[in-house]
Structure formats: C-alpha cells, structure tokens
Amino acid sequence: MRKLSYFVAASIDGFIGAPSGDADFFLPFVTGDFLDYLRDEAAEVLPTAARRAFGVDERATVEYDAVIQGRASYQIALDAGITSPYAHLREYVASRSITESPDPNVEIVSGDLVAAVRELKRQEGLGIYLCGGADLAGQLKDEVDELVIKTYPVVLGSGMPMFGADFGVDAFTLASVRSFDNGVLVRTYRRER
Ligand SMILES: NC(=O)c1ccc[n+]([C@@H]2O[C@H](COP(=O)([O-])OP(=O)(O)OC[C@H]3O[C@@H](n4cnc5c(N)ncnc54)[C@H](OP(=O)(O)O)[C@@H]3O)[C@@H](O)[C@H]2O)c1
C-alpha cells in the first residue's frame, strides 16, 4: 500500500496559517540548517519553483511520486500563473468547480474523495504527499498514514487548523524529531493500523 503523508507547516499552537490560510509568515524561518534540510532531505515536497531556486529540480524522487491538494491551495499557484506547481510529481487537485484540468500533469478529483484516495493508495507507486489545506486534510484524516509537521517557533492564537474535521481522538506514534538552529522542529508521526 502506498502511504498518504501529510507534510505540513504549522505554528507552535498547531495552525497551518492565518484564518485566511495565508502562511507566508513562515517563510523567514527558511534559513541555516533548516534550509539545508529542506534542500537536501525534503525537496520532494517543495514546489517546483523552490526546487529550481535550490538547484535540485532535476533530482529524481524516491519517497513520493504523487501529490494531492485542495483547489483553494492549488488556487495560489493558479493566481501566480502556474498550472503545475509540483511538476516533479503526478498532481491531483480536489475540486467541484474546476471541470477541466488546466494542465496535463494535473488530474481533477471531483467524485468520492476518500474512495479516490483509497484507490490511489492501492495502486503501485511511491508515497502520496497530502499538501493540504485544512478542508482536504479534514476529509482525509482517517486516510493519513504519516504526519510530518514542520513546527515554526510562533504562536498565532487563531488560524487555519491542521484538519478541518470534527472532534475525534486518533493516536499516532512518534517516529522522529529533528530540531534546527532557528527553533524549527520537524516531527514525523506514523499511524499504527
Ligand atoms: N501550512 C501549510 O503547510 C499549508 C499547506 C497547504 C495549504 N495551506 C493553506 O491552506 C489554505 C487552503 O486551505 P482550505 O482548507 O481553505 O482549502 P483546500 O483544502 O486547499 O481546498 C478546498 C477546496 O477543495 C475542493 N474540495 C474539497 N473537498 C472536496 C471534495 N470532497 N470533492 C471535490 N473537491 C473538494 C473544493 O474546491 P472547489 O471550491 O473548486 O469545489 C474546496 O473549496 C491556503 O491558504 C494555503 O495557504 C497551508
């Protein structure tokens, strides 16, 4: 089974962005040994533009070969004139409003989302990167096999939750913790099935 891995940036208090979803205020923390980590160990989940800026856009992927995101997250790329923001991965965008894909590398998922993801997980391949946002992750919470949380040293007080889902207690096992000079933590959790 392919794993579904939610790789997400969050504040200390667990928000993935401002109430509007904006997460640009995390960017100033992309420095020092954390920047080295993103470039050398986590470049598979970086957008194509960032991979190009780091000079790693030609590097083959070994952990992920697909990404799924909600239309609101994808819209950020569309607004910047980019139709394939993760060109190194097969891209799936959940949307009921986009009826025709604007890019050959992007497949629109419009039917039963959970069934579509279960089918993707059954197919041969590498891991599936769940990009977000809260709406999509909330609907796919039960399907998440791995959580990689980049925690930035800021408290927001309120904001967009990691999962836009109803209350429920899901246990995960801590697999690794990394800390960086600028106070960023990267924790990996796995779900025991
Ligand atoms: N901190 C981070 O690491 C991180 C990562 C990713 C995103 N974000 C932030 O998250 C924000 C967006 O999150 P969000 O929760 O507002 O939206 P989202 O989950 O990105 O997208 C929601 C949209 O996905 C489509 N959708 C959702 N469920 C669907 C289903 N079952 N079937 C078909 N389509 C479905 C709908 O699109 P239609 O309206 O087209 O039907 C819906 O409006 C962005 O501002 C982004 O910055 C942060």
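Modeller: Below, each label is set beside its definition.

Modeller: This is a predicted model, in which local features need pLDDT of at least 70 and side-chain atom pairs count only at pLDDT 80 or more, while totals for chains, interfaces and linings use all residues. Residues are numbered from 1 along each chain as its sequence is written.

Colleague: What makes R122 exposed?
Modeller: R122 has 10 other C-beta atoms within 10 Å, so R122 is exposed. R122 belongs to helix α4, residues 113–122; helices are DSSP runs of H or I with at least four residues, strands are E runs of at least two, and both are numbered from the N terminus. The C-alpha atoms of R122 and M1 are 5.4 Å apart, although 121 residues separate them along the chain.

Colleague: Why does T31 count as partly exposed?
Modeller: T31 has 13 C-beta neighbours inside 10 Å, so it counts as partly exposed. T31 sits in the loop between β2 and α1.

Colleague: What is meant by the largest nonpolar core, and which residues have the most contacts inside it?
Modeller: A nonpolar core is a set of buried Ala, Val, Leu, Ile, Met, Phe, Trp, Tyr and Cys residues joined through C-beta atoms within 7 Å. The largest one has 42 residues, and those with the most contacts inside it are I16, A66, V67, I68, Y129, L130 and A137. Elements that give two or more residues to this core include β1 (4–10), β3 (64–70) and β6 (127–132). β1 gives the most, with 6 residues. Taking A66 as an example, its contacts beyond four places in sequence are L89, R90, Y92, L120, G125, I128 and Y129.

Colleague: Which residues come nearest to the ligand?
Modeller: Of the 29 residues around the ligand, G21, G70, A72, G132 and G133 come nearest; being near requires a C-beta atom, placed from the backbone, within 6 Å. The elements giving two or more residues to the shell are β1, β2, β3, α3, β6 and α5. By class the shell has 13 nonpolar, 12 polar and 4 charged residues; Ala, Val, Leu, Ile, Met, Phe, Trp, Tyr, Cys and Pro count as nonpolar, Asp, Glu, Lys and Arg as charged, and the others, Gly among them, as polar.

Colleague: What is the bond between G132 and G133 called?
Modeller: It is a cis peptide bond, with omega about 0 degrees. Most peptide bonds are trans. G133 is in the loop between β6 and α5.

Colleague: How do you know that the chain agrees with a compact globule?
Modeller: The rule is 2.2 Å times the number of residues to the power 0.38, with the radius of gyration taken over C-alpha atoms. For 193 residues a compact globule would have a radius near 16 Å, and the chain has 16 Å, so the two agree. The C-alpha trace spans about 45 × 40 × 35 Å along its principal axes. The chain has 5 helices and 10 strands, and buried residues make up 31% of its 193 residues.

Note on methods
Buried ≥ 20, exposed ≤ 12 C-beta atoms within 10 Å, placed from the backbone. Contact = placed C-beta atoms within 7 Å.
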